[in-house]
Amino acid sequence: MQQVVISGTGVFTPPYAISNDELVASFNAYVELYNAENADAIAAGTVEAKAPSSSAFITAASGIESRYVMDKEGVLDPTRMCPRYAPRADDALSMMAEMALDAATKALDMAGVAAADIDLIICAASNMERAYPAMGVEIQQVLGAGGFAFDMNVACSSATFGIQAASDMIRAGSVKRALVISPEITSGHLEWRDRDCHFIFGDVATAVVLEAAEVAQKPLFKLLSTRCATQFSNNIRNNMGFLRRAHDQMDDRRDMQFMQNGRKVFKEVLPLVSHHIAQHMEEEGLDATALKRLWLHQANKAMNDYIGKKVLGRVPEPGEQPNILQDYANTSSAGSIIAFAKHSDGMAAGDLGLICSFGAGYSVGSVVVEKV
């Protein structure tokens, strides 16, 4: 079996940032418009008035302070509350492929690998721009990569599930080099008009180069072990799909965007993830308390703080469990990879770290790495 290494990472950060204050100003303007337009129905008790949001509420609830998006104007327009993307011709580069190209190029440059030498591309993301042809195959073409490509969607765990799939193929000898790319345009599926979730997501793209150790020129980490698990739950859901027209459901419906029962998710996911990590480490004969770095899914600071303390058996020291969601917000599958890409310096050879993502499904994926 081939030893697998991670030799490159890349992050594409969109050009526009939205602070909590900007987001709240826009949302509250929308709330005023909505309540004014529905004043009679609200007075009659047939429509519920919308409540304003606040920056303090957002920070306390999530730890998020800002987020990056591919379009800012549409999101902050109180009469729209949704990004505005110009349609692209069929022969034009898709937005996901455009974002992926940037992140992948950075990862390839770090690894010292030519795109033509890549044997496998997995586009692992929570919301694909289209059903087919596969986004991964378009990315393969624009990069000039070899081999084959496909799409993978396990929501917020897509990147770690993609890393397991790619590493398994490298270990088996079917490929030598792989790219796992997660272009996340989460602003498109977020309901920006919902006070409970309008602040959660941001856009980004990440890329990870995995190679067989025998061909890697610049190995950064040995990939020691991967584990994935799923458990069905409706508590995070989006009902948008190609059967919508067949169901005569083309109207604007709340369930066609991101929905979650936050309290249940918090209560159910935390023990699931903590147990998964502990079991993964135990099965590998590794001491979880010896982990030097935890690169966790970036959904909520309180969730990460809880998991970090549970895994290490103590409150993590600064830098041991790096958070990036204060700047990027929740970027679905890309969050743990952003943390890994931006906060893996300062580790000594032999130090262990863990990449872990979790979310809708429920799903959880963990990757144990050793610094080279």
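These legends describe close-up views of a predicted model.

**Figure 1. Helix α1 and its surroundings.** Helix α1 covers residues 20–37. Its 18 residues reach 25 Å from the first C-alpha to the last, which is close to the 26 Å expected at 1.5 Å a residue. Several residues of α1 are buried, including N20, L23, V24, S26 and F27. N28, Y30, V31 and N35 are also among the buried residues of this helix. The elements that cover them include the strands β2 (16–19) and β3 (66–69). The helices α2 (39–44), α3 (55–62) and α4 (73–76) are also part of this cover.

Figure 2. A search of the whole structure finds nine aromatic pairs. One of them joins Y30 and Y34, whose ring centres are 6.1 Å apart. The angle between the two planes is 45°, and the pair is tilted. Both tyrosines lie in α1, four residues apart, or about one turn of the helix. Y30 has a relative accessible area of 11%, so it counts as buried, the limit being under 20%. Y34 has a relative accessibility of 22% and is therefore partly exposed. Ring pairs also bring in F27, giving a cluster of F27, Y30 and Y34.

**Figure 3. A ring pair between distant parts of the chain.** The ring centres of F221 and F340 are 5.2 Å apart. Their planes meet at 55°, so this pair is tilted. F221 belongs to strand β8 (residues 221–230), while F340 belongs to helix α11 (residues 335–342). The two residues are 119 residues apart, and the pair links distant parts of the chain. Both F221 and F340 are buried.

**Figure 4. Charged side chains over aromatic rings.** Two places are shown. K50 lies over the face of Y34, at 4.8 Å from the ring centre. R195 lies over the face of F57, and here the distance to the ring centre is 4.2 Å.

**Figure 5. The loop residue D117.** D117 is found in the loop between helix α5 (95–111) and strand β4 (120–124). With a relative accessible area of 38%, D117 is partly exposed. G147 is 30 residues from D117 in sequence. In space, the C-alpha atoms of D117 and G147 are 8.6 Å apart.

**Figure 6. T160 in helix α7.** T160 is part of helix α7, which runs over residues 158–172. The relative accessibility of T160 is 1%, so this residue counts as buried. A polar atom of the T160 side chain lies 3.1 Å from the backbone oxygen of S157. Leaving out residues up to four places away in sequence, T160 touches C228, I355, S357, G365 and V367.

Figure 7. An unreviewed UniProt entry places the domain "Beta-ketoacyl-[acyl-carrier-protein] synthase III N-terminal" at residues 150–217. This span is 22% helix and 29% strand, and its end C-alpha atoms lie 26 Å apart. The unreviewed UniProt entry also places the domain "Beta-ketoacyl-[acyl-carrier-protein] synthase III C-terminal" at residues 281–370. Over residues 281–370 the chain is 30% helix and 22% strand, with 13 Å between the end C-alpha atoms.

Definitions and conventions: Residues numbered from 1 in each chain as written. Predicted model: local features only at pLDDT ≥ 70, side-chain atom pairs only at ≥ 80, totals over all residues. Heavy atoms only, no water. UniProt positions renumbered as here; feature names shortened; annotations may be inferred. Phe/Tyr/Trp six-rings, centres within 6.5 Å; stacked < 30°, edge-to-face > 60°. Buried < 20%, exposed > 50% of the residue type's maximum accessible area, 1.4 Å probe, protein only. Lys NZ or Arg CZ within 6 Å of the ring centre and 35° of its normal. Expected span 1.5 Å × (residues − 1). Contact = heavy atoms within 4.5 Å. Polar contact = N/O pair within 3.5 Å; in protein donor to acceptor, adjacent residues only side chain to side chain.
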